[in-house]
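Walk me through this structure, from single residues up to the whole chain. Keep the cut-offs in view along the way.

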Amino acid sequence: MNPPVLDPLETRAPAQREAALLAALPALVATAQSGTAAFGEILQGIDAATITSRQALARLPVTRKSDLLARQQQARASADGDPFGGFSAIGWSGLRAGRGARRVFQSPGTLYEPEGAAADYWRSARALRAAGIEAGDLVHVSFSYHLTPAGSMMESGAHALGCTVFPGGVGNTELQLQAIRELRPQAYAGTPSFLKLLLDKAAEAGERLSFSKALVSAEAFPPSLRDAVRAQGVEAYQCYATADLGLIAYETSAREGLVLDEGVILEIVRPGTGEPVPDGEVGEVVVTTLNPDYPLVRFGTGDLSAVLPGACPTGRSNTRIRGWLGRADQTTKVRGMFVHPGQVAQILRRHPELLRARLVLSGTIAAERMSLRVEAAAGADEALASRVVESIREITKLRGEVELVAAGSLPNDGKVIEDARSYE
């Protein structure tokens, strides 16, 4: 028997889906042009009515996260500037009319993103359902509920399914374990590393948690970690989502790549360009999301992936991708948080005694180590290292170590972030 689908959209004929997506594209482009100052400028001179094919879409410029950041920073310099940098078609003054932002989130960078008033705004219900979560389940959500949208993203999808949610958030492990013991939720939504931590803590106490199903995201989910949580009674599936776009793709019981969400148009392009690559070739994930509140057109995620040939054995007919295969730039994720080369530069600016720096990630995805190797001027001591440790925490929101090294000892290869973690 095929696993449950959220709605018939998931099993419609591929040609029918493609026709529907392309039919919606001109209106989306027109909304972006007329409803947002940023795309009004980026897409100036484009006749939205002509964007009716993937070839036409591929001629439009790619907008990347760095473009969002630059426009937002520029707007912040003005007292009456748009905090969304001109990319959002909604503010927060129109909520009474049903079109305003319900929440505003801050993501590392620092970027601000709106959450509109539509039900299941981030479209996560589809991924939750594919993970076996269903109406009546109690879902323990261990994504952050402050600053970033991950907690709200999962909660709104769970509510759309008819689930009840316990908003666990991040940290407070013992309190979360107490809630799990006493409430006995059927499902978990959060990072895979925290799921493993909860299961291990319970096992140390001779207990087995009530979870039997889970949806995980924000980190790599290698087979070794999947098998480890399965051995403790939890069947976990992963999804690929971003704070800008919402759900992009999700895993099914076939365990063969990730199936695309029904509300996005995905392209794989050659990194650094907007040129689509042939199916199967690794490139940067570029997404156009059919969201009139935040109409991102050809948004470059910076993530690498590739299209998988063939159809999903579960009967879902949408395109599949191989999942996350790395970053097209040096930006990476640590414990569910993006870390940018610009944040390393911020740390250097805070401490003039530092000459050069290289952030090195090592260990495994569930037990990683973040170390900032810094060349320092003569006379640097452990007091300086302690101050830099504090700066790492303040700027990245993550714990990290500092290693003082001799001047000139770091490789001269332009690399600011080195990801040496094991994903197996």
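**A guided walk through the model**

Ala 218 counts as buried, because its relative accessibility is 15%; buried means under 20% relative accessible area, exposed over 50%, and partly exposed in between, with a 1.4 Å probe and protein chains only. The model is predicted: local features need pLDDT of at least 70, side-chain atom pairs count only at pLDDT 80 or more, and totals for chains, interfaces and linings use all residues. Residues are numbered from 1 along each chain as its sequence is written, and side-chain values use heavy atoms, with hydrogens and water left out.

Stay with Ala 218. Its phi is positive, about 80°, although the residue is not a glycine. It sits in the loop between strand S7 (213–216) and helix H9 (223–230). Helices (H or I, at least four residues) and strands (E, at least two) are DSSP runs, numbered from the N terminus. Lys 397 also has a positive phi without being a glycine, near 65°. The loop that holds Lys 397 runs between H11 and S20. Is Lys 397 buried or exposed? Lys 397 is exposed, because its relative accessible area is 51%.

Now zoom out. The chain has 11 helices and 21 strands. Its C-alpha trace spans about 65 × 60 × 45 Å along the principal axes. For 424 residues, a compact globule would have a radius of gyration near 22 Å, and the chain agrees, with 22 Å. That radius is taken over C-alpha atoms, and the globule rule is 2.2 Å times the number of residues to the power 0.38. Of the 424 residues, 51% count as buried. The chain exposes about 18,100 Å², and carbon and sulfur atoms supply 52% of that area. Accessible areas come from the Shrake-Rupley method with a 1.4 Å probe; for residues, only the protein chains shown count as cover. Take the contacts between residues at least 6 apart in sequence: 62% of them join residues at least 24 apart. Contact means heavy atoms within 4.5 Å.

Strands S2 (residues 103–107) and S3 run antiparallel and are joined by five bridges. Two strands pair if DSSP finds at least two bridges between them. Ser 107 has Leu 111 of S3 as its bridge partner. Three residues lie between the strands of this hairpin, and Gly 109 takes a positive phi near 150° there. Strand S3 (residues 111–115) is largely enclosed by the rest of the structure, because four of its five residues are buried.

Ser 152 leads back to this region. It belongs to helix H6 (residues 150–161). Ser 152 is buried, because its relative accessible area is 8%. Leaving aside residues up to four places away in sequence, Ser 152 touches Arg 103, Phe 105, Glu 115, Trp 122 and Tyr 145.

Two helices follow. Helix H7 (residues 173–183) packs with helix H8 (residues 192–204) at an angle of about 70°, and their axes are 11 Å apart. H7 is therefore roughly perpendicular to H8. Angles under 35 degrees count as roughly parallel, over 145 as roughly antiparallel, 65 to 115 as roughly perpendicular and the rest as oblique. Axes are lines fitted to C-alpha atoms, for helices over the stretch in contact, and angles run from 0 to 180 degrees between N-to-C directions.

Thr 252 deserves a stop. It lies in the loop between strand S9 (246–251) and strand S10 (258–260). Thr 252 is buried, at 2% relative accessible area. Beyond residues up to four places away in sequence, it touches Tyr 237, Val 259, Cys 312, Thr 314 and Arg 316. Thr 252 and Arg 129 are 123 residues apart in sequence, yet 9.4 Å apart in space, C-alpha to C-alpha.

The last stop is a sheet. Four strands form an open sheet in the order S20-S19-S18-S21, with mixed pairing. Strands S20 (401–405) and S21 (417–419) stand at the edges with a single partner strand each, so one side of each has no neighbour in the sheet. Neighbouring strands are turned by 20° against each other on average, direction ignored. S18 (residues 354–364) pairs with S21 in the parallel sense over three bridges. Leu 361 stands opposite Asp 419 in S21. Helix H10 (residues 341–350) packs on the sheet and touches S18, strand S19 (367–376) and S21. Its direction makes about 135° with that of S18. Helix H11 (residues 382–396) also packs on the sheet, touching S18, S19 and S20. The direction of H11 makes about 135° with that of S20.
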